[in-house]
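Please read them with the coordinates open.

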Amino acid sequence: MGKGDRQKSAREKIREQQAADRKREQRKRLTTYVTVGVVALAAVGAGWLYAATRSQSEESGGALAPITVQADGGVVMARQGVTKPVIDIYEDFQCPACKQLEEVSGQTFRNLAAEGKAKVVYHPITIFSQDPTRSNSIRAGAASRCVSDGRQWSAYHDILFKNQPSETAEGFKLEDLVAWGKDVGVTAPDFESCVTGQKYAQAQAAYSEKITKEQKIEGTPTVKLDGRALDNSVVFAPQELRDQVTGAAK
């Protein structure tokens, strides 16, 4: 082999070595990308699982805490002797977001009261100013005031949200409000006449205006913990809500 051939052979070997090095580097990068991808997916999965756990609705803890329907329209749910922390729930039976709150976190409110970890106060108000939503809300709120028994009120509260009408149509019709009361076992002898006569319609409107101004309520649902409004990211996440309430009790 001449000198030229030897030089050519050496150059070919160098090129072959460089090509092999590039392939090894590509394989290393591919392995790194795959590893990073797997780790990222695992992190996303863990984050999703954590978020899902925090937002999962609670199961019923058993019996309800005693419930007292107050003369002004507010309703207190608390075990005897429990005065704080106080959770105030400002809600409108016609409000879709309030219905969603009840579905997601309603059981957490009830459980916290039953466990003696909070005093829960419901404030059914009318936040809407235009019909048909305002009239729908007034009828439902006034009807709920016709239920003086605490446990029956709670059942009626739940069925009103369950049967919430569209915001664009007349709903909460008087005959339906009466029928739903019978469905959940309302026993007040004057319940039907109270509902159909809308005995508390004016009181519902006045209470709503008073509470909205005093508490500076800009929308529903609004949930306050010891007078401080909680962010929706908290009230719609049952575990976060529970953590905030139990932390306030310490």
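Is the crossing of α2 and α4 left-handed or right-handed?

1. In this predicted model, the crossing of α2 and α4 is left-handed. The axes of α2 and helix α4, which covers residues 150-162, come within 10 Å and cross at roughly 150°; since angles over 145 degrees count as roughly antiparallel, α2 and α4 are therefore roughly antiparallel to each other.

2. In this pairing C98, K99, E102 and R110 of α2 meet H157, D158, F161 and K162 of α4, and by class the contact of α2 with α4 has 5 charged residues, along with 2 nonpolar and 1 polar.

3. Helix α2 (residues 96-114) also packs with helix α9 (residues 238-248), at an angle of about 30° and with the axes 9 Å apart. Because angles under 35 degrees count as roughly parallel, α2 and α9 are therefore roughly parallel to each other, and their crossing is right-handed.

4. On the α2 side the contact with α9 is made by V104, S105, T108, F109, N111 and L112, and on the α9 side by P238, L241, R242, V245 and T246. These residues divide into 6 nonpolar, 4 polar and 1 charged.

5. Turning to α2 itself, the helix bends by about 60° at S105, a residue that also takes part in the contact with α9. At 1.5 Å a residue, the 19 residues of α2 should span 27 Å, and the end C-alpha atoms are 26 Å apart, which agrees.

6. Just after α2, G116 takes a positive phi of about 75°.

Notes:
Residues numbered from 1 in each chain as written. Predicted model: local features only at pLDDT ≥ 70, side-chain atom pairs only at ≥ 80, totals over all residues. Heavy atoms only, no water. Axes fitted to C-alpha atoms, helices over the stretch in contact; angles between N-to-C directions. Helix = DSSP H or I, 4+ residues; strand = E, 2+ residues; numbered from the N terminus. Parallel < 35°, antiparallel > 145°, perpendicular 65-115°, else oblique. Left-handed = near helix turned anticlockwise from the far one by under 90°. Contact = heavy atoms within 4.5 Å. Nonpolar A, V, L, I, M, F, W, Y, C, P; charged D, E, K, R; others polar. Expected span 1.5 Å × (residues − 1). Bend = angle between axes of the 7 residues up to and from the residue.
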